[in-house]
Amino acid sequence: MKYYFAPMEGITGYIYRNVHRRHFPEIDRYYMPFISAHASHSMKHKEKEDIRPANNAGLFAVPQVLTKNAEDFAWTVRELCDLGYREVNLNLGCPSPTVTTKGRGAAFLGRPEELREFFSRSFELIGKDTPEMKISVKTRLGTEDPNEIHDLIRLYNEFPICEVIVHARTLREMYEGEAHTGVFASILSESVHPLVYNGNIYRSEEAARLEEQFDGASGMMIGRGLLRNPALVREIRGGERLQMHELASFHRQLFEAYRDVLPGPKPVLARMKELWWYMSMLFEDREYVLKKVRRAKTLTDMEIVSERIFMEQPFADEGGEV
Ligand SMILES: Cc1cc2nc3c(=O)[nH]c(=O)nc-3n(C[C@H](O)[C@H](O)[C@H](O)COP(=O)(O)O)c2cc1C
């Protein structure tokens with residue numbers, strides 16, 4: 001079973017990916033946070049930095065594009081092809097209102113006829129322009145009802161998509177509640193494309209259970225579970241559990257890399273605090289850890305507080321997993 005790191009806008013940019021890779025090399029692929037395909041056929045500086053091959057050396061990284069326009073998509077795919085990428089992932093899962101009000105991301109799933117036209121035109125353009133590029137899709141189960149996925153799978157079956165990654169919730173469900181694992185299991189026999197499961201994998205026991213339930217799936221994608229426990233995939237594969245000194249070293253290098261690259265202390269503090277929101281779940285006294293981290297006003301505060309947590313606070317179950 002392949003394991004992919006989910007794209008997480010604002011968190012798993014190239015700095016995070018590189019530091020993670022150095023410490024925990026078990027991930028098969030990193031999917032990059034989305035870049036928007038602009039009608040102006042241009043990219044923002046931040047997007048260019050994230051996809052720059054030199055910033056992704058030694059990583060199997062797959063860029064992701066958010067769009068509902070075939071011409072803009074094909075243009076972006078060409079740019080990515082010129083940079084040396086051979087797979088592009090289409091974002092059909094983002095539930096954020098800033099994206100869905102423009103009919104993109106998961107909102108596109110609610111207009112299947114338009115989506116079919118988009119795929120027809122996109123594959124026509126990409127087939128002519130950059131036939132070496134593979135296109136994968138990251139989808140939700142639908143907009144309102146999880147069973148919308150059956151029609152969507154029939155639609156995806158019409159096109160030469162290389163892999164379909166399914167976040168097992170609807171648009172309406174955002175990231176809340178149980179993922180519909182049974183619905184995912186039921187589409188394994190309906191798809192002509194390899195299917196990858198995504199949603200709420202936090203522990204290796206859970207992954208083992210899902211691997212059994214999803215006979216025939218080609219992989220699993222994990223997001224928040226890896227932000228919480230960066231060694232999760234190693235643990236799933238039977239490797240050593242996360243050690244406190246590894247988490248401390250990972251954190252130290254990430255902190256240093258953000259300080260080197262981000263413009264000033266404010267964005268560095270914001271990034272580290274967001275990461276602590278997830279990592280704090282590993283600790284016995286999560287509330288205490290969060291309280292200490294939230295109070296850090298300067299980078300020095302953050303350094304002192306973090307080092308103290310690693311020295312003094314135990315993991316909830318003396319291992320990586322919670
Ligand atoms: C802060 C945040 C940012 C995200 N950014 C993206 C993104 O850029 N592209 C995407 O396809 N999904 C994005 N997602 C969704 C994740 O890739 C993933 O599908 C979701 O977290 C569910 O998986 P998990 O339960 O393993 O975390 C984001 C999720 C979060 C919480």
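How many nonpolar, polar and charged residues are in the lining of the largest pocket? The legends below begin with the whole model and then turn to the pockets.

**Figure 1. Overview of the predicted model.** This is a predicted model, in which local features need pLDDT of at least 70, side-chain atom pairs count only at pLDDT 80 or more, and totals for chains, interfaces and linings use all residues. Residues are numbered from 1 along each chain as its sequence is written, and side-chain values use heavy atoms, without hydrogens and water. The protein has 14 helices and eight strands (DSSP runs numbered from the N terminus: helices are H or I, at least four residues; strands are E, at least two). Its C-alpha atoms fill a box of roughly 55 × 40 × 35 Å along the principal axes. Of the 322 residues, 56% count as buried (under 20% relative accessible area, 1.4 Å probe, protein chains only).

**Figure 2. The two domains.** The protein is divided into domain 1 (2–236) and domain 2 (244–312). Their C-alpha centres lie 28 Å apart. The contact takes 16 residues from domain 1 and 16 residues from domain 2 (contact means heavy atoms within 4.5 Å). The domain bounds come from an automatic or database domain assignment.

**Figure 3. The largest pocket.** Its volume is about 640 Å³. A pocket is an open set of points on a 1 Å grid over the protein atoms alone, where a 1.4 Å probe fits, with protein on both sides within 12 Å along at least five of seven lines; lining residues have an atom within 4 Å of a point. Points are joined across faces, edges and corners, and a volume is the space filled by probe spheres set on them. The lining has 31 residues, and Pro-7, Met-8, Glu-9, Lys-138 and Tyr-175 lie nearest the centre. Elements that each supply at least two lining residues include β2 (29–36), β5 (134–142) and α12 (265–279). By class, the lining has 15 nonpolar, 11 polar and five charged residues (Ala, Val, Leu, Ile, Met, Phe, Trp, Tyr, Cys and Pro are nonpolar; Asp, Glu, Lys and Arg are charged; the others, Gly among them, are polar).

**Figure 4. The second largest pocket.** This pocket holds about 470 Å³ of space. It is lined by 20 residues, with Gly-13, Lys-46, Glu-47, Asp-50 and Arg-271 closest to its centre. Helix α2 gives the most to the lining, with five residues. The lining has nine nonpolar, four polar and seven charged residues. Domain 1 and domain 2 each provide at least three of the lining residues.

Definitions and conventions
Buried means under 20% relative accessible area, exposed over 50%, partly exposed in between (1.4 Å probe, protein chains only).
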